[in-house]
Amino acid sequence: MKLKSFLTLCLLTLVGVSVFAQNQLAINQKPNFYLASHIRKTFGLTASIPNYGVAMIVNTANKEFGVTLIDENTKQLWQVQMEGHPLSISNYKGNVLAIYAADKTFFGGVKNEYSAKILEPKSGKVIKEQKIYEGSPDYNEDPEFYFSGENGRFTLISRETNLKKGLKVHLNPFTNPYSSIKEKLEATRNYAILSFDENLQSSKIITPKFYQDQAFKHFLTESGNIVFAHYDAVNNQIQFDLYDHTQDKPTAQATLKINDAKRLNEVSTLVKYSSQNNGYYTALFYETSNKAKKLVIGKINFSTGKIETKEEVIDKDQFNAWSKGYMPVNKKLDDFKLSNYYYLNLAGLEIVNNKIAVEFTSSFVEMSRSIINYTSQSSLIKFFDENLAFQFQTIFPRFLYGMSDDLADLSFITNGSVATIIGNTKNGQASYIPVYMKVDLNNGSILSFDKFSNKGIDDMFYIRTKNIRKFNNDKALLTYTERFGGLKSKYDTILQVIETK
C-alpha cells in the first residue's frame, strides 16, 4: 500500500472516534489464590459456565492446584483443591470439567496419565472422576484439548516428544525458547488422538501419517478436527491433511505450492476453522528468496484438494509507509512503535464474526544469563471477508517489553458488528496499562481507543488476554497477573468485571 492510500485509510478509520472508558463493574484485589510462573500456562485458564460464572485453574496453599468458580461480582463461590498438574478446564454439559496429569515421578517430570474430574457448579462437589489417557512411560508428552460446547464432547491430541523423562523436567518447558531441551521437545516421536463422548468414553487411539524427511505442524481446530501441515521441500509445497478421529488415514488433503520461500520449513503457518461457513483458513508468512516478507492467506477446500489464495509482498518501503503514515488515535495513550522490518512476523489468525483477521507485529527475544526479555511493537491487523477479499486494516498501538511471553497477546470480543480488541501497553519502564480498541467491522472505523477503568489495579499487573471469558450477559471477567521477575515463586492476581458493549 502506498503512503498516500495508507494516510487516506487512517483518516477514514478515524471518522467518529470517541474516547470513553470501559466501565469497571466489579473488582477483587485480593482473591484467595495466586498464579504461578508464566512458564506454567495452565494456571489461570478459564471456562464460562452458563448460569453460574467463570471457572478458573488456580494455585492453592496446600495442594498442587485448585479449581475455583467466580461470579459476575468477582466473588469466589467455592474452591476445590486437587493433586496433580492441571492441563485444561471446560464447561461440560453445564458442569465444570477439570483435566489434569498424574503426580510427578521419582525422577522428575510428569506421568503421561491424564484424568478428568466433573464438578457440580453450585457447590464444587465431585460428580465423577475417571482416568482418560495413559501414554508413554519413557518420554514427555505435550497434550492439547478442544471442547465442542455444552454437549460434553472433546478431543485430546497428545504429542510424544523426543525428550526422555528425567530430573527437573517441567510439564511445559518448551515455552522457554532458549531452553537446552527445546530441540528434543519440538521433535515428535508419535501422536495419540482421542475423541471423547458425553460420557467421557473415548474412541480408538489414532496415529496420523508421518512423511519421511518432512517437517510438519499440527493444528487442533475449532471444528474438533485436526489439520497437519507437512512441508515438502523436494516439491516446494505444503500439504494439509485433515483428520476426523475415525481412521488412521487423512479423510481429506489439500496442497499449496510455495516456490519463492527462502526456507520452506521456516514458513510461519496458522490454521483456523470458521463455524459460520464450515471453512478452513490458513495464513502463511515467510521471507522470500530475495529477502522480502510475504503474506499468503488461503481458504482450504478439502473436498477438491485445492486452496484459494491471496498474496501480498510486504517490502521495506511499504513497512516504512505504515510507520510514517500512522496517525495517533488517542494521544494520551498511544505508544506507537513499528520500526523493525527484520523482526516482522505473523502473530495471530482469528475468526472475528465473519471476518478473517491476520495480525503482524515486530517482536524479538533477548537473553542473558539471568533473564529472558520479550519485546513487542505495535500490531498491524488486516481484515478479510470469508472469500479472502481485503476489507480494511488497523493498527493496535503499543510497545511492550518484559519477562512474560504472553504480554503481547491480543483478545477479540465481538458484540454485533463491533469488535473490541484487548491488550496491554507499556507505561514507563516496568509498568503496564490495559487498553482496548473498538472497531466497526462493517467499515473498519475506529470507534474508540482507551484504557480500561483500572482504579484499584496496580500498574505492575497486566491482563492475561487469552483467559478473558464472558458471562451470560454483556459482562466479561479479566484476570490480571503481577509482572514476572526476580526470584518470586508466587504472583498476585486481581480480578475485574467489565462491560462488553
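This text goes through one group of paired strands and then several salt bridges in a predicted model.

Strand β11, residues 154–164, is mostly covered, with 9 of its 11 residues buried. Strand β10 (residues 139–147) pairs with β11 in the antiparallel sense over 8 bridges. Within this pairing, Glu144 stands opposite Ile157 in β11. The hairpin of β10 and β11 has 6 residues between the strands, and Gly149 takes a positive phi near 120° there. Strand β11 also runs antiparallel to strand β12 (residues 188–196), to which 8 bridges join it. Here Thr161 stands opposite Thr188 in β12.

The salt bridges come next; the count is 16. One of them joins the side chains of Asp260 and Lys294, at 2.8 Å from N to O. Asp260 lies in the loop between β16 (252–257) and β17 (268–274) and Lys294 in strand β19 (residues 293–301), so this contact ties together parts that are 34 residues apart in sequence. Asp260 counts as partly exposed at 21% relative accessibility, while Lys294 is buried at 9%.

Lys294 also meets Glu311 in a salt bridge, at 2.9 Å from N to O. That pair links strand β19 to strand β20 (residues 306–314), with the two residues 17 apart. Glu311 is exposed, with a relative accessible area of 52%.

Another salt bridge is formed by Lys426 and Asp335, whose closest N and O atoms are 3.7 Å apart. Because Lys426 lies in strand β27 (residues 418–426) and Asp335 in the loop between α3 (316–324) and β21 (344–352), the pair ties together parts 91 residues apart in sequence. Lys426 counts as buried at 16% relative accessibility, and Asp335 is partly exposed at 22%. Elsewhere, salt bridges that share partners join Glu113, Lys131 and Glu134 into one network.

Technical notes: Residues are numbered from 1 along each chain as its sequence is written. This is a predicted model: local features need pLDDT of at least 70, side-chain atom pairs count only at pLDDT 80 or more; totals for chains, interfaces and linings use all residues. Side-chain values use heavy atoms; hydrogens and water are left out. Buried means under 20% relative accessible area, exposed over 50%, partly exposed in between (1.4 Å probe, protein chains only). Helices (H or I, at least four residues) and strands (E, at least two) are DSSP runs, numbered from the N terminus. Two strands pair if DSSP finds at least two bridges between them. A salt bridge is a side-chain nitrogen of Lys or Arg within 4 Å of a carboxyl oxygen of Asp or Glu.
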